[in-house]
Amino acid sequence: MEIAYGRGVMQGVGNYVAAQMRSESGFAWRLYRSRPDPGILPLMKQWKPDGVSAHIATRELADRLARWKTPVINTTTTIPDWKGALIEVDHHMVGRMAAKHFLDRGFRSFGYVGSDWAGFSLVRESAFRQVIGQAGYLVDSLHLNYLPLPPTDQAWDSIDGQVIAWLQRLEKPTAIFASNDRPAREVADACASIALRVPDAVAILGVDDDEYECFLGDPPLSSICNPSEKIGRLAAETLEAMMLGKDDEPIRRMIPTRQIAVRRSSDSYAVDDPYLKSA
């Protein structure tokens, strides 16, 4: 997978399968991995899998897998109205954690960057906005269709221009929560291009703790850690039960996360006194 979350889920699946293969009562698993692309489905039908664990990120893939004749479990809420089995991170908790992280540091200006239609982004934004609102502040949102990578049909300089224009109008210092680490890095790069200091003028927090994204730019990005390996293990365990006919109703579980990898992009306190801030 191209993102840390997907790699973590695959690691969790692999750990569960390895443990089952060592058990006399376990399945004789055989795994085949492919991109979550509807174009792969005809080949999957020829292979005749007993079950499918999928990162369902497009409407076409969701609709076609909903008609699949074998058990399917989804590990993302990108498509909000997916009715089948689902194991995912608790996005409400993610949004609340982000809000508390910034409020504890004294910020009074807040922004959110993410998709305006992907389910995980909508829930994270809503929970973030709710906690910030309860504290008496507003959230200014910039909607870009990161899922969580940027759209391939949109010019990079166009995205940069949107982010820069948005950043320039925000009251400083400001705290920005991004739906994932890639848009968080986009914000950090845009800040560098217009000489906005991170985290002094703009504090940034992403999600996924993707080591590539978090350390590609300067400064290193803070990020909420997804329990992706646990999600992968539970997905494999649940899929096994579904293949054995033990679960009649679709299982839907939201897994809590409690850890933030705090790095320099958000390791700051919003104070007005320049000497106190320096200290």
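This is a predicted model: local features need pLDDT of at least 70, side-chain atom pairs count only at pLDDT 80 or more; totals for chains, interfaces and linings use all residues.

An open sheet of four strands runs in the order 1-2-3-9, and its pairing is parallel. Strand 1 and strand 9, residues 252–255, are the edge strands, each pairing on one side only. On average, neighbouring strands of this sheet are turned by 15° against each other, with direction ignored.

Let me walk across that sheet. Strand 1 is joined to strand 2, residues 72–74, by three bridges, and the two run parallel. Within that pair, Ser53 stands opposite Ile73 of strand 2. Ile73 also stands opposite Ala85 in strand 3. Strand 2 and strand 3 run parallel and are joined by two bridges. From strand 3 to strand 9 there are four bridges, again in the parallel sense. There, Glu88 has Met254 of strand 9 as its bridge partner.

How many of the five residues of strand 3 are buried? Five of the five, residues 85–89, so strand 3 is largely enclosed by the rest of the structure.

Strand 4, residues 110–114, has five of its five residues buried, so the rest of the structure largely encloses it. As a general point, side chains in a regular strand alternate between the two faces of the sheet. In strand 4, Phe110, Tyr112 and Gly114 point one way, Gly111 and Val113 point the other way, and all are buried. Take Val113 as an example: its relative accessibility is 1%, so Val113 counts as buried. Val113 is 33 residues from Tyr146 in sequence, and their C-alpha atoms are 9.0 Å apart in space.

Strand 4 runs parallel to strand 5, residues 139–143, and five bridges join them. Gly111 stands opposite Asp140 of strand 5. Further along the sheet, strand 6, residues 174–178, and strand 7, residues 202–207, run parallel with four bridges between them. In that pair, Phe177 stands opposite Leu205 of strand 7.

The largest pocket has a volume of about 900 Å³. It is lined by 36 residues, and the closest to its centre are Leu31, Tyr32, Gly51, Val52 and Ser53. Which elements give two or more residues to the lining of the largest pocket? They are helix 1 (4–21), helix 2 (41–47), strand 1 (52–54), helix 3 (59–66) and helix 9 (228–243). Helix 1 gives the most, with five residues. By class, the lining has 24 nonpolar, six polar and six charged residues.

On to helix 7, residues 181–193. At 1.5 Å a residue, its 13 residues should span 18 Å, and the end C-alpha atoms are 18 Å apart, which agrees. The buried residues of helix 7 are Asp181, Pro183, Ala184, Arg185, Glu186, Val187, Ala188, Ala190 and Cys191. Just after the helix, Ala195 takes a positive phi of about 60°.

That brings me to the backbone. Most residues other than glycine have a negative phi, and most peptide bonds are trans. Where are the cis bonds that I want to show? One joins Lys172 and Pro173, with omega about -5°. Pro173 lies in the loop between helix 6, residues 156–169, and strand 6. Another cis peptide bond joins Val198 and Pro199, with omega about 10°. Pro199 lies in the loop between helix 7 and strand 7.

Finally, two aspartates. Asp208 is in the loop between strand 7 and helix 8, residues 211–216. Its phi is near 120°, a positive value in a residue other than glycine. Asp209 lies in the loop between strand 7 and helix 8 too, and its phi, also positive, is near 50°. Are they buried or exposed? Asp208, at 9% relative accessibility, counts as buried, whereas Asp209, at 25%, counts as partly exposed.

Methods
Residues are numbered from 1 along each chain as its sequence is written. Side-chain values use heavy atoms; hydrogens and water are left out. The expected span of a helix is 1.5 Å times one less than its number of residues. Buried means under 20% relative accessible area, exposed over 50%, partly exposed in between (1.4 Å probe, protein chains only). On a 1 Å grid over the protein atoms alone, a cavity is a set of points where a 1.4 Å probe fits but cannot get out, and a pocket is an open set with protein on both sides within 12 Å along at least five of seven lines; lining residues have an atom within 4 Å of a point. Grid points are joined across faces, edges and corners, and a volume is the space filled by probe spheres set on the points. Ala, Val, Leu, Ile, Met, Phe, Trp, Tyr, Cys and Pro count as nonpolar, Asp, Glu, Lys and Arg as charged, and the others, Gly among them, as polar. Two strands pair if DSSP finds at least two bridges between them. Axes are lines fitted to C-alpha atoms, for helices over the stretch in contact, and angles run from 0 to 180 degrees between N-to-C directions.
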